[in-house]
Amino acid sequence: MTAVTGNSSAIVTGLTAAALLAVGVLGYQASANAPAAAHTARTDTARTALRADRDKDSPGALPKGSGQGSRVVYALGVDRVWLVEEDGRIRRTFPVDPSTVDPEPGTYRVTSRSKSTMGSDGIPVEHVVRFASNDGTAIGFSAAVDGSAAAPDPELPTGGIRETRADGEAMWRFAVIGRKVVVVR
C-alpha cells in the first residue's frame, strides 16, 4: 500500500507543478499582449488643463504651461502633437487625426506599445503608443499601415489618434514606456 500512496503523491505533485507552470505561461502571454493598462496614472490634471495656453498668433507654437522636461504634448483643440526634448527644444510637431474618444486633459505616462496590430476600427496600424483610457477605450497614437487617414465612425468608440507613417515612426522612437504625455485643451 505504501508504494501506491507514494506513486499517487508523486502524480498529484507532478500535475500541480504542470498546472502552475501553464498558468504562469498564460499569465505572461496575457500581460505581454495586453492592449493597455486598465488604470493610467494622471497627475496635475486640473492644473495642466487650466495652465495650458496656446499662442493665438502662432497655432503651431507649443502651448504655454504644457509642462517641462522631455514629453509628448497633445492639444485637443488643434489636433496637434509636439515631441519636446528635456531642454524644451521641439524635436518635431505635426497634426493628427483625433479618435472618437478623447483623453481627459492631464498628465499621463506611456503605458504600452505595439509595433503593429489591428486598430479598434479594423485597420492595420503600426507604431502604437498607448497612454490613457477613457470609459474602457484604450487611447494612443498610431499610424495606419496603408497610410490612410479615414475619418472614424462616430458611432464606434475608438482611441486611435492617427498620425502619418513618418510621424508615427518619430513618435515610436521618442515615446518609450514611461515617457510623459501631456494632454491640453
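Biologist: So helices (H or I, at least four residues) and strands (E, at least two) are DSSP runs, numbered from the N terminus. What does helix 3 lie across?

Modeller: Helix 3, residues 165-174, lies across strand 5, strand 6, strand 7 and strand 8, where contact means heavy atoms within 4.5 Å. Helix 3 runs at about 60 degrees to strand 6; axes are lines fitted to C-alpha atoms, for helices over the stretch in contact, and angles run from 0 to 180 degrees between N-to-C directions. This is a predicted model, where local features need pLDDT of at least 70 and side-chain atom pairs pLDDT 80 or more, while totals for chains, interfaces and linings use all residues. Residues are numbered from 1 along each chain as its sequence is written, and side-chain values use heavy atoms, without hydrogens or water.

Biologist: What order do the strands of the open sheet take?

Modeller: The order is 5-6-7-8, with mixed pairing; two strands pair if DSSP finds at least two bridges between them. Strand 5 and strand 8 (160-163) are the edges, each pairing on one side only. On average, neighbouring strands are turned by 30 degrees against each other, direction ignored.

Biologist: How many bridges join strand 5 to strand 6?

Modeller: Six, with the two strands antiparallel. S112 sits opposite R130 in strand 6. Their hairpin has five residues between the strands, and G122 there takes a positive phi near 85 degrees.

Biologist: And strand 6 with strand 7, parallel or antiparallel?

Modeller: Antiparallel, over seven bridges. S133 has A138 in strand 7 as its bridge partner.

Biologist: Different topic. Is R162 buried or exposed?

Modeller: R162, in strand 8, is buried, because its relative accessible area is 10% (buried is under 20%, exposed over 50%, partly exposed in between, with a 1.4 Å probe and protein chains only). Leaving out residues up to four places away in sequence, R162 touches V96, D97, G119, D121, I123, V125, S142 and A144.
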